[in-house]
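This briefing is intended to be read beside the sequence and the coordinates. The topics run from the whole chain to single residues.

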Amino acid sequence: MSGMSGTNFTLLPHRGVIAVSGADRIAFLQGLISNDTTKVAPGQAVWAALLTPQGRFLNDMFVVDGGGDTLLLETERERAPALARKLGLYKLRSKVTVEDRSATMEVAAVFGDEVEKIPPIDGAAVFADPRLAALGLRVLAPVGRSTELLAARGAAAASIEDYDALRLSLGVPDGSRDLVVEKALLLENGFDELNGVDWHKGCYMGQELTARTKYRALIKKRLFPVRIEGALPMPGTAINRNGLEVGEVRSGVGQRALALLQTEAVRSGDALVADAARVIPEIPDWMRLP
């Protein structure tokens, strides 16, 4: 990201879109996901997760106003068909339809120090990333249109590695690249501080464990942004402190990565290593540690 200024955009080909339409769309999702779907409005999305009944991560998603009686879920493209099928099983008598639109819609991220100057875009859903203002905007548009629409509004094309470097420096997870499916807990991965959980809404799947984890202060490890000195280790590589395993590497690019680490090991200031690389954790401004 060094040296980049103005407004930049990149396509996110690993993200797809599911449409949930019908009169019961808001109530239907409200009973399933970790955030409050009543807060969704034009230009205002929420970030949320679908959990197992035991409170473990299944899918992350942005819930977006799609116009009319439709909500759009921006989620992982490869896992979107399975998510759409799962939602279809849950709808029972709800007046909703679920459709995977990943073949006809694409996702772009718009970021940089002038992102607020991007004007509205007809024919696309544009929303501020609800996790952190520094992550800019997301755009859901018909396939093949994003580049033309954004370039016409003064945004310069950037690589997905540029966007990933920004995301990693901020310590923000990217779906199952960073959260192990059916194992990860939301509060270990920033969902509380990054606006992915609403603590005042009604019941949703996995709520009991999520609430218990928060109110009993059970979090002993967190996903941290880290700098890497040496060759970038593969995701899943163990991180050691004084010969004992204290975490593992998740997604990374260049000399930046995310790592799930014991908070005590981060606080200790001791040297952390993964393979032959030094791992240097950082505590982002948004993170609250006990």
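Two strands are said to pair if DSSP finds at least two bridges between them. Helices (H or I, at least four residues) and strands (E, at least two) are DSSP runs, numbered from the N terminus. The model is predicted: local features need pLDDT of at least 70, side-chain atom pairs count only at pLDDT 80 or more, and totals for chains, interfaces and linings use all residues. Residues are numbered from 1 along each chain as its sequence is written, and side-chain values use heavy atoms, with hydrogens and water left out.

**The chain as a whole**

- The secondary structure comprises 6 helices and 16 strands.
- The radius of gyration is 19 Å, which agrees with the value near 19 Å for a compact globule of 290 residues; the quantity is taken over C-alpha atoms, and the globule rule is 2.2 Å times the number of residues to the power 0.38.
- The C-alpha trace spans about 55 × 45 × 30 Å along its principal axes.
- Of the 290 residues, 52% are buried, where buried means under 20% relative accessible area, exposed means over 50%, and partly exposed lies in between (1.4 Å probe, protein chains only).
- Among contacts (heavy atoms within 4.5 Å) with a separation of 6 or more, 71% join residues 24 or more positions apart.

**The five-stranded sheet**

- An open sheet with mixed pairing is formed by 5 strands in the order β8-β9-β7-β1-β10.
- β8 (125–128) and β10 (156–157) are the edge strands; each has a single partner strand, so one side of each is left without a neighbour in the sheet.
- Within this sheet, β7 (residues 105–112) and β9 (residues 137–142) pair in the antiparallel sense over 6 bridges, and A108 has V139 in β9 as its bridge partner.

**Strands β11, β15 and β16**

- β11 pairs with β16 (residues 277–281) in the antiparallel sense over 4 bridges, with R227 opposite I280 in β16.
- β15 (residues 272–274) also runs antiparallel to β16, joined to it by 3 bridges; V273 has R278 in β16 as its bridge partner.
- β15 and β16 form a hairpin with 2 residues between them, and D275 in the turn has a positive phi of about 55°.

**Helix α4 and its surroundings**

- In α4 (residues 160–170), the buried residues are Y163, D164, A165, L166, R167, L168 and L170.
- These buried residues pack against β1 (7–11), β7, β9, β11 (221–229), β13 (244–253) and β14 (256–262).
- D164 counts as buried because its relative accessibility is 9%. Apart from neighbours within four places in sequence, D164 is in contact with R177 and V253.
- G171 follows α4 and has a positive phi, near 80°.

- Most residues other than glycine have a negative phi.
- A217 is not a glycine, yet its phi is positive at about 50°. A217 lies in the loop between α5 (207–215) and β11 and is exposed, with a relative accessible area of 51%.
- N242 likewise has a positive phi, of about 55°, without being a glycine. N242 lies in the loop between β12 (238–241) and β13 and counts as exposed at 64% relative accessibility.

**Two further residues**

- T263 belongs to helix α6 (residues 263–268) and is buried, with a relative accessible area of 12%. Leaving aside neighbours within four places in sequence, T263 is in contact with K220, K221, R222, F224 and L289.
- K183 lies in the loop between α4 and α5 and counts as exposed at 59% relative accessibility. Beyond its neighbours within four places in sequence, K183 is in contact with R56 and F57.
- The C-alpha atoms of K183 and P13 are separated by 25 Å, the two residues being 170 apart along the chain.
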